[in-house]
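Please look over the two-chain model below. A short report on selected features follows it.

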Amino acid sequence: MSYRIVTNNPSVRESYNSNNIIFIDGSYEDVLIKVRDLVHSGVELIDSPLGASIRMLLSPYRSILVGTERQAMNMDQILIIEQSILNYRTLTQRRKAEPEHANDYAVVDKELLKASIQAYEDMNCPTHSKFTGGEFLETRA
Amino acid sequence: MKLELRKIQIKDVVFGEKMEVNGGVLSINKDQLVAKLMEDHRVKEIKVDLAKPGEKTRIIPVKDCIEPRVKIEGEGKGFPGVTGKMVPLGDGKVNVLDGAAVVTIGDIVGFQEGVVDMWGEGAKWTPFSKTFNIVVDIIPVEGLEPHVHEETVRIAGLKAAEVIGEAGRYAEPTHVEVFEMGNHAEESAKYPNLPKVLYVEMLISQGLLHDGYIYGVNSQKILPTLIHPNEELDGAVISGNCVAACDKITTYQHQNNSAILDLYAEHGKTINFLGVILTPELTTLEGKFRTCDYTAKLCTMMGADGVIVSEEGYGNPDSDLLMICKRLEKNGIKTVLITDECSGWDGMSQPLADTTKEAVAVVSAGNVSHVVTLEPADRVIGSAKAISTLAGGWDGSLSEDGSIKCELNAVIGATSEIGYHNCTVKLY
């Protein structure tokens, strides 16, 4: 259950242990390219590289979860990240930066990352619920 | 389960002394509404405005649209699990203020979009230009965390719809729609020769501004789940999605889900409609595999012959849509996808972020990149600043006369992937 965060979001860098961070001093696309290089070297792609909304493609910041160890190359994941880079370029070719909203994009990127880490940990934690049964509710209601 | 939606046609909306509907005119006591919403200590100020079809009015940035209703018989006050005590929905009689909508606005973060124009070119693209809108602007106290701010706005909208819905309690309906369906064994015995069809509705489930709720449960935390269509029509599914204005499913659209209504209309005639599976769109790849495998398993367990799948959003959810399709087709289940396209200004780019050869029956609800020009409004309800944001994504989009060139992407419900919108579809 270990992960690293590839990010260019300074607010993410400040909030997580530096051992878990691969900080990219660059653009959203630079983050995707770093993730691509890692996936090609056998590192697991944990997050889907693109967001769920067009607006977040305009974000200057992006944080993506990857694994920590090199394993065998995963062709599906290579296809996903390569395709994501192509899509990112197509979708943003007419866009321009919105520096006035940079802080807000940083906040939303960080919150989405938090949800993603939570989802990853939920899935990988063998005892993710401390609730032991329904006896309490059922017998004392 | 039997649900009666008793539609009261609203012909106008005014501010008045009482909350009532008289001769199709919805009267709203603004003070009463504001007082109710101010009960939440996180709310600093509430502004209420009215916007009517045809007026040169622009509403921005829209967070959610909700249909005001009141349950007059059966369980379920407001939105159970969210604004009311938890009870199962889907049974009883509901008075619906048909043609009215609560529209919430508020700046949760600076780059918010979501425009509803009540006239002209903009009105053509959004279904909420045809409703009499009660626009509720929710200004929270300072210092709220973004997710608390979002929750405050979401809950205020639902409460507003509940308070306004009360106005229809004693009004006579213009017409009544009845939705009744027995259990699977009963329905299948009734229609043994009709193909069994399930509807899979995907919900963005990814965190701040990107969430959906079922009886108040964040869909991020669920496995795909089976729900009776009546439950969704009765308000069990709530939108917490404040991005992707064109293809987010507002609470109003859940309450009036076109895919459900159309499947219901064919139930017992051409198909045996088995129900709805709500499927979260997660961010992690493992999460996507889990939900897609589970969705396909539920469809197979239910013995579906055919499945309609609708998406919410664009980008990584395209992968979920196609993974579900692949799995269903491999299990021998005929699958139809409803999505929208992000295919560039000229419509020539690859429409989805992912692809699979099994996706042979796909309904497109429109191109989100299609460019429209919105004339300047006489009146803006909400944030004038948000207009520059709307136009701000690319060069040269805000012209001197104040008209805006923007992509459909920014217009609420323009390319609704459940088909609750103004575009039509051609067969190729």
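## A mixed sheet in chain B

Three strands of chain B form an open sheet in the order 11-6-24, with mixed pairing. Strands (E, at least two residues) and helices (H or I, at least four) are DSSP runs, numbered from the N terminus. Two strands count as paired if DSSP finds at least two bridges between them. Strand 11 (116–117) and strand 24 (379–382) of chain B are the edge strands; each has a single partner strand, so one side of each is left without a neighbour in the sheet.

Strand 6 (residues 57–60) of chain B pairs with strand 24 of chain B in the parallel sense, over 4 bridges. B:Arg379 in strand 24 is the bridge partner of B:Thr57. Strands of a sheet pair through backbone hydrogen bonds, either parallel or antiparallel.

## Ground rules

This is a predicted model: local features need pLDDT of at least 70, side-chain atom pairs count only at pLDDT 80 or more, and totals for chains, interfaces and linings use all residues. Residues are numbered from 1 along each chain as its sequence is written, while chains are lettered from A and ligands numbered from 1 in the order in which they are written.

## An antiparallel sheet in chain B

Another open sheet of 3 strands has the order 16-15-18 in chain B, and its pairing is antiparallel. Strand 16 and strand 18 of chain B are the edge strands, each pairing on one side only.

Strand 15 and strand 18 of chain B run antiparallel and are joined by 5 bridges. B:Asp211 stands opposite B:Gly240 in strand 18.

## Backbone exceptions

Most residues other than glycine have a negative phi, and most peptide bonds are trans. Chain B has exceptions to look at. The peptide bond from B:Ile60 to B:Pro61 is cis, with omega near -10°. B:Pro61 is in the loop between strand 6 and strand 7 (62–66) of chain B.

B:Tyr215 has a positive phi, near 50°. B:Tyr215 sits in the loop between strand 15 (210–214) and strand 16 (217–218) of chain B. B:Ala244 is not a glycine either, and its phi is positive at about 55°. B:Ala244 is in the loop between strand 18 (237–241) and helix 6 (251–255) of chain B.

B:Tyr215 has 18 other C-beta atoms within 10 Å, so B:Tyr215 is partly exposed. B:Ala244 has 30 C-beta neighbours inside 10 Å, so B:Ala244 counts as buried.

## A buried glutamate

B:Glu232 lies in helix 5 (residues 229–233) of chain B. B:Glu232 counts as buried because 23 C-beta neighbours fall inside 10 Å. Two residues are in contact if their C-beta atoms, placed from the backbone, lie within 7 Å. Leaving aside neighbours within four places in sequence, the contacts of B:Glu232 include B:His254, B:Asn257 and B:Val276.

B:Arg379 is 147 residues from B:Glu232 in sequence. In space, the two are 35 Å apart, C-alpha to C-alpha.

## Two packed helices in chain B

Helix 8 (residues 285–301) and helix 9 (residues 316–330) of chain B pack at an angle of about 40°, with their axes 9 Å apart. Axes are lines fitted to C-alpha atoms, for helices over the stretch in contact, and angles run from 0 to 180 degrees between N-to-C directions. Helix 8 and helix 9 of chain B are therefore oblique to each other. Angles under 35 degrees count as roughly parallel, over 145 as roughly antiparallel, 65 to 115 as roughly perpendicular and the rest as oblique.

Among the residues of helix 8 that meet helix 9 in chain B are B:Lys288, B:Cys292 and B:Ala296. Helix 9 of chain B contributes residues including B:Met323 and B:Arg327. By class, this contact of helix 8 with helix 9 of chain B has 6 nonpolar, 3 polar and 4 charged residues. Ala, Val, Leu, Ile, Met, Phe, Trp, Tyr, Cys and Pro count as nonpolar, Asp, Glu, Lys and Arg as charged, and the others, Gly among them, as polar.

Chain A has 6 helices and 4 strands. From the N terminus on, its elements run β-α-β-α-β-α-β-α-α-α. Buried residues make up 40% of the 141 residues in chain A.

In chain A, 34 residues are in contact with 40 residues of chain B. Helix 5 of chain A supplies the largest share of the side that touches chain B, 12 residues. By class, that side of chain A has 16 nonpolar, 8 polar and 10 charged residues.

Note on methods: Buried ≥ 20, exposed ≤ 12 C-beta atoms within 10 Å, placed from the backbone.
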